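Reader: Hi! Could you walk me through this model before I set anything up?
Author: Happy to; here it is.

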Amino acid sequence: MDNWFKSVWFIRIISLMLAGLLWVTVNVDNNMDSDSLFFNQSSSDMEVMENIPLEIRFDSEEYVVSGIPQEVSVSVEGPTSAVAPVSRQKNFTVFVDLNGLGPGTHEVSLQHSGISNQLAVTLDPKIIEVTIEEKVTKDYEVNIDYINQGNLDSELELGDPEVEPSEVAITGASSVIERVASVKAIIDVGEATESIEAQEAPVKIYDNQGNELNVLVDPTTVNVSVPISTRTKSVPLNVAARGGNTEGVLIESVRTETEEVTISGPKEVLDGIEALPEVPVDVSEVTEDQTVEVDIPLPEGVTSVQPETIEVDIEVVEGEVGDDGNGTD
């Protein structure tokens, strides 16, 4: 055995065998790596991404576009190594390019950018129908729309509102602007107990069917002031002498210069009053011409009257008392 190790040919044969074994080992490893790489490259995956925003490219200064879906579906298929980052990051864009198109209805194809060309891309929808219209801007007066007005205290009433600014600029497609029927600022008065001062209110745009229109409004809110006061009504009044005359004195006249008074109260009460009942003036102790102050009684349901008292001029004449016990005219 020792002689074999001393033999030059034995050593050469052993070296050749070891070299062959090393060659086989290296080639097997390389082949395994190549097969693994080929396998990874040839494996594929597909991912469907919903609710991808659609970008619109057009001249927004001149035109308004309708018929554009806000979101689309995007499917990608290809090597897993390329599909995964696209699905995870979604750092791509789906858009429709309308530049160069004028007013009218057009069929246009959706496009995408930012997706690897290793992937097959499917957009849903692929083609959309869009309508391009000229953009129009017009000024409209703002009116007030009260809500919960039925909850307002029945003794209170609304005055004429003030709106600042009184007009707003409305921008939209020409066909939509033609449908504008009313421009309103919304004010809730249900719990109001005093005048509303410079309350910010949103502006809403409606057609003649009461449908809110999708347009641009500038400004989107206005400041509204609404005077709120106690409900009042002016009604005429009359005075009448009451009580017996002093002996030897006749009442010639009982008059007041106050022809009307202002009463306050709930609407249903005021609506039922056209004039106050005669105000009684006690003349039982009157012996000469005089002016007296008389309180005005409140009718049922009335909360206040202005003025609360009136001056009454009483004129008398000396003479015999008539059969009826007074000499009033």
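Author: Let's start with how pockets are found: on a 1 Å grid over the protein atoms alone, a pocket is an open set of points where a 1.4 Å probe fits, with protein on both sides within 12 Å along at least five of seven lines, and lining residues have an atom within 4 Å of a point. Grid points are joined across faces, edges and corners, and a volume is the space filled by probe spheres set on the points. This is a predicted model, where local features need pLDDT of at least 70, side-chain atom pairs count only at pLDDT 80 or more, and totals for chains, interfaces and linings use all residues. Residues are numbered from 1 along each chain as its sequence is written, and side-chain values use heavy atoms, with hydrogens and water left out.

Reader: Thanks! What volume does the largest pocket have?
Author: About 320 Å³. Its lining has 16 residues, and the closest to the centre are Val64, Val65, Gly172, Ala173 and Asn214.

Reader: Which strands supply at least two residues each to that lining?
Author: β2, β8 and β12 do; strands here are DSSP runs of E with at least two residues, numbered from the N terminus. β2 gives the largest share, four residues.

Reader: And how many of the lining residues are nonpolar, polar and charged?
Author: Eight are nonpolar, six polar and two charged. In that scheme Ala, Val, Leu, Ile, Met, Phe, Trp, Tyr, Cys and Pro are nonpolar, Asp, Glu, Lys and Arg are charged, and the others, Gly among them, are polar.

Reader: Which domains does the lining draw on?
Author: Domain 1 (44-134) and domain 2 (142-230) each provide at least three residues. Those bounds come from an automatic or database domain assignment.

Reader: Back to the strands: how does β2 pair with β8?
Author: β2 (residues 63-66) and β8 (residues 127-141) are antiparallel, with four bridges; two strands count as paired if DSSP finds at least two bridges between them. Within that pairing, Ser66 is opposite Thr131 of β8.

Reader: What about β8 and β12?
Author: They also run antiparallel, joined by seven bridges. Lys135 has Ala173 in β12 as its bridge partner, and Ala173 is one of the residues closest to the pocket centre. Strand β5 (residues 104-109) is joined to β8 as well, antiparallel and through six bridges, with His106 opposite Val130.

Reader: Nice. New topic: where are the cis peptide bonds?
Author: One joins Glu164 and Pro165, with omega about -5°; Pro165 is in the loop between β11 (162-164) and β12 (167-173). Another links Gln306 to Pro307, again with omega about -5°, and Pro307 is in the loop between β24 (304-306) and β25 (309-318).

Reader: And which residues other than glycine have a positive phi?
Author: Asn51 is one, at about 55°, in strand β1 (residues 44-57). Ala198 has a phi near 50° and sits in strand β14 (residues 196-206).

Reader: Is Asn51 buried or exposed?
Author: Exposed, because its relative accessibility is 53%; the cut-offs are under 20% for buried and over 50% for exposed, with partly exposed in between, using a 1.4 Å probe and protein chains only.

Reader: Last one: in what order do the strands β20, β25 and β23 form their open sheet?
Author: The order is β20-β25-β23, with antiparallel pairing. β20 (249-256) and β23 (290-295) are at the edges with a single partner strand each, so one side of each has no neighbour in the sheet.
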